Amino acid sequence: MSSASDSDRLLAEQLLRLTRRLHRIQKRHMVPLGITPAQSRLLRLVSHYEGEQAPRMADLAARLEVVPRAVTTLVDGLEAAECVRRAPDPANRRVIRIELTDTGRGTLRRLRNARTDAAEEILAPLTADQREVLGGLLNALSDAPAEHTC
């Protein structure tokens, strides 16, 4: 075995451990909001449609890469919490669109704060220079644009 593959395995394990830790910390910060990580992702996704035509359940399922039934369950929970509402499409009453409510916008603000708090907890051991280097490395590894608002 080459040392490069050993090194890659070690990096993969470190990334996995960091991902698990990040998920645990984010989840802990979300508990007081009464929202699950999956509901958080759906709420953020619905918010990206603001100013455009609200998404259909099928649009959300495709973007989240899940089966439509999973989106139905998430929407049910968010609708019960009054974060989203189902609304008939004015052009085709058979189509249901998912809209963000004022309560949902407030929940999103609290979620963003919780995510920032979680990030600060994770990044606390790093200096400003180390954070900058890490940010560059993460951008190089991700398909996401450098400037992402959610």
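Is Glu 82 buried or exposed? I looked this up before anything else. Glu 82 is exposed, at a relative accessible area of 55%. My cut-offs: buried is under 20% relative accessible area, exposed is over 50%, and partly exposed lies in between (1.4 Å probe, protein chains only).

**Ground rules**

I am working on a predicted model, where local features need pLDDT of at least 70, side-chain atom pairs count only at pLDDT 80 or more, and totals for chains, interfaces and linings use all residues. Residues are numbered from 1 along each chain as its sequence is written, and side-chain values use heavy atoms, with hydrogens and water left out.

**Entry: positive phi**

I stayed with Glu 82 and read its backbone. Its phi is near 65 degrees, a positive value in a residue other than glycine. Glu 82 sits in the loop between α4 and β1. Helices (H or I, at least four residues) and strands (E, at least two) are DSSP runs, numbered from the N terminus.

Glu 65 belongs to the loop between α3 and α4. Glu 65 is exposed, with a relative accessible area of 73%.

**Entry: salt bridges**

I searched the whole structure and got ten salt bridges. The criterion is a side-chain nitrogen of Lys or Arg within 4 Å of a carboxyl oxygen of Asp or Glu. Side chains of opposite charge can pair when their charged atoms come close.

Asp 6 bridges to Arg 9, and their closest N and O atoms are 2.8 Å apart. Both residues lie in helix α1, three residues apart, about one turn of the helix. An α-helix has 3.6 residues a turn, so residues three or four places apart point the same way. Asp 6 counts as partly exposed at 38% relative accessibility. Arg 9 counts as partly exposed at 45%.

Next I took Glu 50 and Arg 105. Their side chains meet in a salt bridge at 3.0 Å, N to O. Glu 50 lies in the loop between α2 and α3 (57-64) and Arg 105 in helix α5 (residues 102-123), so this pair ties together parts that are 55 residues apart in sequence. Glu 50 is partly exposed, with a relative accessible area of 39%. Arg 105 is partly exposed too, at 27% relative accessibility.

Then came Arg 86 and Asp 76. Their side chains form a salt bridge at 2.7 Å, N to O. Arg 86 is in strand β1 (residues 84-89) and Asp 76 in helix α4 (residues 68-80), ten residues apart. Arg 86 counts as partly exposed at 27% relative accessibility. Asp 76 is partly exposed, with a relative accessible area of 36%.

Which residues are linked in a network of salt bridges? I found Arg 56, Asp 59, Asp 89 and Arg 97.

**Entry: the hairpin**

β1 and strand β2 (residues 92-100) run antiparallel and are joined by six bridges. Two strands pair if DSSP finds at least two bridges between them. β1 and β2 make a hairpin with two residues between them. Across the strands, Arg 86 stands opposite Ile 98 in β2. Arg 85 stands opposite Glu 99 in β2.

**Entry: helix α2**

How many of the eleven residues of helix α2 are buried? I count eight, and the helix (residues 37-47) is mostly covered. Among the buried residues are Leu 42, Leu 43, Leu 45 and Val 46.

**Entry: Thr 72**

Thr 72 is partly exposed, with a relative accessible area of 23%. The C-alpha atoms of Thr 72 and Ala 61 are separated by 9.0 Å, and the two are eleven residues apart along the chain.

**Entry: a charged patch**

Last, I looked at surface charge. Arg 17, Arg 20, Arg 21 and Arg 24 form a positive surface patch. Patches are made of residues with over 30% relative accessible area and no salt bridge; like charges are joined within 9 Å, nonpolar side chains (Val, Leu, Ile, Met, Phe, Trp, Tyr) within 5 Å. Lys and Arg count as positive, Asp and Glu as negative; His and the chain ends are not counted. The place of a charge is NZ of Lys, CZ of Arg, CG of Asp or CD of Glu. Accessible areas come from the Shrake-Rupley method with a 1.4 Å probe, and for residues only the protein chains shown count as cover. Arg 24 is in helix α1 (residues 3-30). Arg 24 is exposed, with a relative accessible area of 54%.
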